[in-house]
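This report looks at charged side chains and how they pair. The model is shown first, and the details follow.

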Amino acid sequence: MTPSCDDQAVPVPVRVVLPDGQEVVARLWARLQLPDGWRYQVGLPSYRNTQDGGVEAAEYRVWVRAPEHVRPVDGVSYDAVPTEHLAPPAREALEPRRPTGWVLLKQRGGRGPGRTVVHAPDCEEAPPGVPVVGVHRALDAAQQPGARLCSLCGAAQELDPLLHGFDRITDDD
């Protein structure tokens, strides 16, 4: 556990539920928020033997789960207890975004009207130097007979729902 308590921290009373169900009053030294819940550092009263054969009062400090193993003591304020909140999740570096827009590749050949293939600008099948168009122009081109959306670069996955509606997207497709 990360935080360590100052010698200047003033602990406050808290009830600790022992494994056998007994409750004892201990001292709350610190609180720590973890992804799976809170831990409280409590000092349980105890005794220890001294080297000269005597016995002296002692405190055993341990981290326990809250609220499962601790209960507040009526009338005690816990505002001054050192508390470490969970750090906000680190912002992972986002992968580079692909360029916005779409590229229209007009293929001619054979009989009949030319066919258009819609690509993302960074698609390896997209022709270099072709102007990038917006989504509305790409959708208009994709609706023409014989047109298709490239599945290599993701144009099909991104534009098909806009052309045909989101209702067609199921786990069975």
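E59 is partly exposed, at a relative accessible area of 26%; by definition buried means under 20%, exposed over 50%, and partly exposed in between (1.4 Å probe, protein chains only). The model is a predicted one, in which local features need pLDDT of at least 70 and side-chain atom pairs count only at pLDDT 80 or more, while totals for chains, interfaces and linings use all residues. Residues are numbered from 1 along each chain as its sequence is written, and side-chain values use heavy atoms, with hydrogens and water left out.

Five salt bridges are found in a search of the whole structure; a salt bridge is a side-chain nitrogen of Lys or Arg within 4 Å of a carboxyl oxygen of Asp or Glu. The table gives some of them.

| Pair | N to O distance |
|---|---|
| E59 and R61 | 3.0 Å |
| R39 and D36 | 2.9 Å |
| R65 and D36 | 3.4 Å |

A network of salt bridges links R27, E59 and R61. R61 is partly exposed, with a relative accessible area of 36%.

D36 forms a salt bridge with R65. This pair links distant parts of the chain, 29 residues apart: R65 lies in strand β4 (residues 55-66) and D36 in the loop between β2 (23-34) and β3. Strands (E, at least two residues) are DSSP runs, numbered from the N terminus. R65 counts as partly exposed at 33% relative accessibility, and D36 is partly exposed at 48%.

D36 also meets R39 in a salt bridge. R39 is placed in strand β3 (residues 37-49) and is buried, with a relative accessible area of 9%.

How values were computed. Helices (H or I, at least four residues) and strands (E, at least two) are DSSP runs, numbered from the N terminus.
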